Amino acid sequence: MAASDLESKAKEAFVDDDFELAAELYTQAIDAGPATADLYADRAQAHIKLGNYTEAVADANKAIELDPTMHKAYYRKGAACIKLEEYQTAKAALELGSSYANGDSRFTRLLKECEERIAEEASQAPVKNVEPPATATVEDQEDVANMENTQAVVEPPRKPKYRHDFYNSATDVVLTIFAKGVPADSVVIDFGEQMLSVSIEVPGEEPYHFQPRLFAKIIPEKCKYQVLSTKVEIRLAKAEQVTWTTLDYSGRPKALPQKITTPAETAPRPSYPSSKSKKDWDKLEAEVKKEEKEEKLDGDAALNKFFRDIYKDADEDMRRAMMKSFVESNGTVLSTNWKDVGSKKVEGSPPDGMELKKWEY
């Protein structure tokens, strides 16, 4: 079936509120080619109705790439980003899209809501609900309806085309996608405040899309990526120096882990007030340090002290190796050799007589 016929059927399905069928037909039309900006923008609209907001952003970005003046693509990106609580990213998209929209009032209303959300984040002020106008065009009604709460359709998870893994450093999360031999021009990556969009489209192969809502906020302008011969390496700059226990927001615990701290520089020695009975503070300090050094620790306390002592004097590569080996092996392996562990997954190595079991949750 021709792409134009598939597009017509997709529009009919959308009007009939069969958004899942509409998204599937738009996908078939894109695969049949040519893949136009309109097809991506309209599939983004279907994704919004289904509650697939990260997919909607990815499609809107593709539409903007193909037609940088398409105002409806910016609008739908802004609408999806608001649902993802990516208010700064939404605002930037809406402001740019409004410049191509010739005074479209929908942008004004959505920008107002976006600015109120940003103000709420900054000051915890209450946010007023934005009401749709009494009369609206058909396209206006469709896009305003996209902002209403919808029941997300959950599809069974499919095995991803490429495997991925990540590890923490003090300031970054390093994500590796094991995509071997992909051309650099087939990789498109976008960063949001708490969102990542990765698309790998190699001609003749099944496309790969990865759009998680991230564990915590990042600094988009400081994020970067590199396409290598065996993998795509992405460095996500943390907005807060906390340990990410998972990559996706859905796995985030209610209480954030403690901040990652680097060893503090030696503080200047405090000056003590003089008194009639003078004490030898230098001697007391030396005795305390000696007691701490000779203190006998057991179990986890001894292990933690050993870990801190090594980490304190290690360089960046040693620290990365320690973090990666310790996390991937579930605390059974501690390596300081980045060349040895950096390019492979570190398997668990339990003590003799014990068995390593995967935690089920």
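How are α1 and α2 oriented to each other? They are roughly antiparallel (angle over 145 degrees).

## Model and conventions

This is a predicted model: local features need pLDDT of at least 70, side-chain atom pairs count only at pLDDT 80 or more, and totals for chains, interfaces and linings use all residues. Residues are numbered from 1 along each chain as its sequence is written, and side-chain values use heavy atoms, with hydrogens and water left out.

## Packing of α1 and α2

Helix α1 covers residues 3–15 and helix α2 residues 19–32; helices are DSSP runs (H or I, at least four residues), numbered from the N terminus. Their axes lie 8 Å apart, at an angle of about 165°. Axes are lines fitted to C-alpha atoms over the stretch in contact, with angles from 0 to 180 degrees between N-to-C directions. The angle makes α1 and α2 therefore roughly antiparallel.

The contact (heavy atoms within 4.5 Å) includes L6, A10 and F14 of α1 and L25, Y26 and A29 of α2. By class, 12 residues are nonpolar, one is polar and three are charged.

## Aromatic pairs

There are six aromatic pairs (ring centres within 6.5 Å). Y75 and F107 form one that is edge-to-face (planes over 60 degrees apart). Their centres are 5.3 Å apart, with 80° between the planes. Y75 lies in α5 (residues 71–83) and F107 in α7 (residues 105–123), so this pair ties together parts 32 residues apart in sequence.

Terms used
Helices (H or I, at least four residues) and strands (E, at least two) are DSSP runs, numbered from the N terminus. Angles under 35 degrees count as roughly parallel, over 145 as roughly antiparallel, 65 to 115 as roughly perpendicular and the rest as oblique. Ala, Val, Leu, Ile, Met, Phe, Trp, Tyr, Cys and Pro count as nonpolar, Asp, Glu, Lys and Arg as charged, and the others, Gly among them, as polar. Rings of Phe, Tyr and Trp (its six-membered ring) pair if their centres lie within 6.5 Å; planes under 30 degrees apart count as stacked, over 60 as edge-to-face and the rest as tilted.
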